[in-house]
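This briefing is intended for a reader new to the structure. Please consult the sequence and the model shown below alongside the points that follow.

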Amino acid sequence: MLRGWARVPDDAAAPGAGGAAAPDAETDAAAPEEPRRARWTSRTEFLLATIGNCVGVGNVWRFPYLAYKNGGGGFLIPYFAALALVGVPVFLLELALGQRFQKGATLALAKLNPRFRGVGLAGTGMAFATLAYEASSGILLGRGVAL
C-alpha cells in the first residue's frame with residue numbers, strides 16, 4: 001500500500017486491520033506502540049530524492065546570476081569552502097542520525113541528547129524560512145517584480 005510518498009507494509013496501514021489481534025485488557029494498559037515509519041523502496045529512489053532536496057531552485061537559477069553580478073569566480077572559492085567544510089558534514093550527520101534513530105531531525109537530536117532539541121527546531125525553522133523565501137521570490141519573479 002502507498003501512503004504519502006513511500007511504501008508502507010499493509011499490516012501497518014490501518015490500526016486493527018490486516019489480521020491484527022483485538023486489543024485486550026493487558027495491551028490497553030501497556031504504553032502505546034509507535035507507528036511504523038515508511039521506508040524507501042530502493043536506494044535509487046532515496047538517492048534521487050536526496051539530490052532533489054539538496055539542489056534547490058534558488059541554487060540552480062539565482063546563484064550563477066548573483067555570482068556573475070558580484071564578481072564571478074572570487075565568490076566561488078568561499079562558497080565551495082563552506083560547502084566542503086560545513087554543508088557536506090552537517091548533511092551527512094543528519095542522514096546518519098535519521099537512519100540510526102528513525103525519527104525526524106528534531107526528535108533524533110533530542111533522543112541523542114535532550115539539550116539538542118533546540119538545534120533540531122532551529123534547523124526545521126531555517127528550512128521553513130528558506131522554503132518561504134524561495135516560494136515568495138518565485139511568485140514575485142512570475143509577476144515580473146525585480147528582486
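Beyond its neighbours within four places in sequence, Thr106 is in contact with Arg117, Gly120, Leu121 and Thr124. The model is a predicted one. Thr106 belongs to helix α6, which covers residues 105–112.

**Setting of Thr106**
- Thr106 has a relative accessible area of 15% and counts as buried, because this value falls under the 20% limit.
- A polar atom in the side chain of Thr106 lies 3.4 Å from the backbone oxygen of Gly120.
- Gly120 is also one of the residues in contact with Thr106 when neighbours within four places in sequence are left aside.

**The chain as a whole**
- Seven helices and two strands make up the elements of the chain.
- Read from the N terminus, the order of these elements is β-β-α-α-α-α-α-α-α.
- The chain has 147 residues, of which 12% count as buried.
- When contacts between residues at least 6 apart in sequence are considered, 41% of them join residues at least 24 apart.
- The accessible surface of the chain amounts to about 11,800 Å², and 66% of this surface belongs to carbon and sulfur atoms.

Methods
Residues are numbered from 1 along each chain as its sequence is written. This is a predicted model: local features need pLDDT of at least 70, side-chain atom pairs count only at pLDDT 80 or more; totals for chains, interfaces and linings use all residues. Side-chain values use heavy atoms; hydrogens and water are left out. Helices (H or I, at least four residues) and strands (E, at least two) are DSSP runs, numbered from the N terminus. Buried means under 20% relative accessible area, exposed over 50%, partly exposed in between (1.4 Å probe, protein chains only). A polar contact is a pair of N or O atoms within 3.5 Å; within protein, one must be able to donate a hydrogen and the other to accept it, and residues adjacent in sequence count only if both atoms are side-chain atoms. Contact means heavy atoms within 4.5 Å. Accessible areas come from the Shrake-Rupley method with a 1.4 Å probe; for residues, only the protein chains shown count as cover.
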